Amino acid sequence: HKLGETTMPTNYYKLDLASLPDDLYNKETDVKEWLALTTTSKGSFPPDSLNRVLRLDSSVELERINGISLWMIGNVLPFALPLLVLASVFTSIGFVILKAFLLYVLILASLHKFIFAPMFMKRYKRKQLSNTDIKDNQYLHTERNNQKYNSLQFIWPESVSRPALNGTPVIFTAIPHGAAPLGITCYPVWSKLFNDKLCHWTCAPVVLKLPIVSTFMKHMGYIPAKAKHIVDTLTKKEENVGVVLDGIAGMFRSDNDTEIASIKQRKGIIKIALRAGVPIVPTYGFGHTSLWKIVVDPFGMLEALSLKLDVSLTPFFGRWNWFLGPPQRVPLCVCIGEPVKCPQIDKPTQDDIDKYHSQLLKSYADLFECHKASYGWANKKLVFV
């Protein structure tokens, strides 16, 4: 800044999704009704104001305890089941473990199908998932209950408020991954709050081949985390894309004093944004790394194998030290930073990519510093690796 020039604090907006009235949580509700419920702060919100756990209806809590546990086991089932079957053939203890595992899955699935799904579909006036209306699917009762379970709040700066992004597709880049980035599952926000374009989150291609899990994710609009699919969505469909930028690597990086973001070399998304000529909107999920306790082996073998296969192979524990169980009831605060405005360049050079990648890192650093005390992390640091 020039000598004598002062910088005006940025206006930030907050939407408390956990407290959003259920009758407003549908595709038909005009976004203006959501925006009317926001609160505003000139600069950061007050210290420790974004980390409050709200009271929770017991039926919502029980549904999420069951539902998230079922989701977690569903992700490992295709990999674990063949190994358990093989173990049961050769050892008696393997057979016992197999039977216990199958019984556990059966109980979770039965509770979901016969009790919780009918209960909440009726309560939220939902119908079966559509094969064509992805926007409507994104209001699914399970994801709505995620917001309540983790007291989800959403913060964004004036620079991305409507109508700033109305006329363009957007790439939302979220960090950190943690065991599972529950903050991004507020799917309607990404398809409604900043523009009217459907947002497609990305995932490892192997996930879209898993039984049952893949069907759900496709109904939510997920696409493979591959450049061609992302570019086509941005340019041919002219729709938004969301990317968890640190991916599997983001599961293994955090401690009590430091949040570690594995994005220093993640420059491919910059090249995609430049080719498509769309802005990148950095997003940070405060609380993501506190949801589950991840077991990291001292030799890094599980991390290396997970990165190689692009799928998590590391054990993690949730509430009550429940293996692959529900997460801790920590509050989640999803904060958005200043957008990185990428010009359209058919063949971006490495200098072009490095330039806008540096801007992305700066935006992440600024948003973390701006909101960390508000979340109760005044002494934490964000480190890029």
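Two strands are taken to pair if DSSP finds at least two bridges between them, and strands here (E, at least two residues), like helices (H or I, at least four residues), are DSSP runs numbered from the N terminus. The model is a predicted one, so local features need pLDDT of at least 70 and side-chain atom pairs count only at pLDDT 80 or more, while totals for chains, interfaces and linings use all residues. Residues are numbered from 1 along each chain as its sequence is written, and side-chain values use heavy atoms, with hydrogens and water left out.

Nine strands make up an open sheet with mixed pairing, in the order 2-1-3-12-9-4-7-5-6. Strand 2 (39-42) and strand 6 sit at the edges with a single partner strand each, so one side of each has no neighbour in the sheet. Strand 3 (residues 153-157) runs parallel to strand 12 (residues 333-336), with three bridges between them; Q153 has C333 in strand 12 as its bridge partner.

Strand 5 (residues 199-203) is mostly covered, with five of its five residues buried, where buried means under 20% relative accessible area, exposed over 50% and partly exposed in between (1.4 Å probe, protein chains only). As a general point, side chains in a regular strand alternate between the two faces of the sheet. In strand 5, C199, W201 and C203 are buried on one side, and H200 and T202 on the other. Strand 5 pairs in the parallel sense with strand 7 (residues 240-244) over three bridges, and C199 stands opposite N240 there. Strand 5 also pairs in the parallel sense with strand 6 (residues 223-224), this time over two bridges, and T202 has I223 as its bridge partner.

What about the cysteines? The structure holds zero disulfides, a disulfide being a pair of cysteine sulfur atoms within 2.5 Å. The sulfur of C333 has its closest cysteine sulfur in C335, at 3.6 Å, which is too far for a bond; C333 is buried at 1% relative accessibility. For C186, the closest cysteine sulfur is that of C199, 9.8 Å away and again too far for a bond. C186 is also buried, with a relative accessible area of 1%.

Salt bridges (a side-chain nitrogen of Lys or Arg within 4 Å of a carboxyl oxygen of Asp or Glu) come to 15. One of them joins R126 and D136, at 3.3 Å from N to O. This pair links distant parts of the chain, with R126 in the loop between helix 3 and helix 4 (134-137) and D136 in helix 4, 10 residues apart. R126 is buried at 14% relative accessibility, and D136 is buried at 4%. Another salt bridge puts K267 and D354 together, their closest N and O atoms being 2.9 Å apart. K267 lies in the loop between strand 8 (258-261) and helix 9 (268-276) and D354 in helix 11, so this pair ties together parts that are 87 residues apart in sequence.
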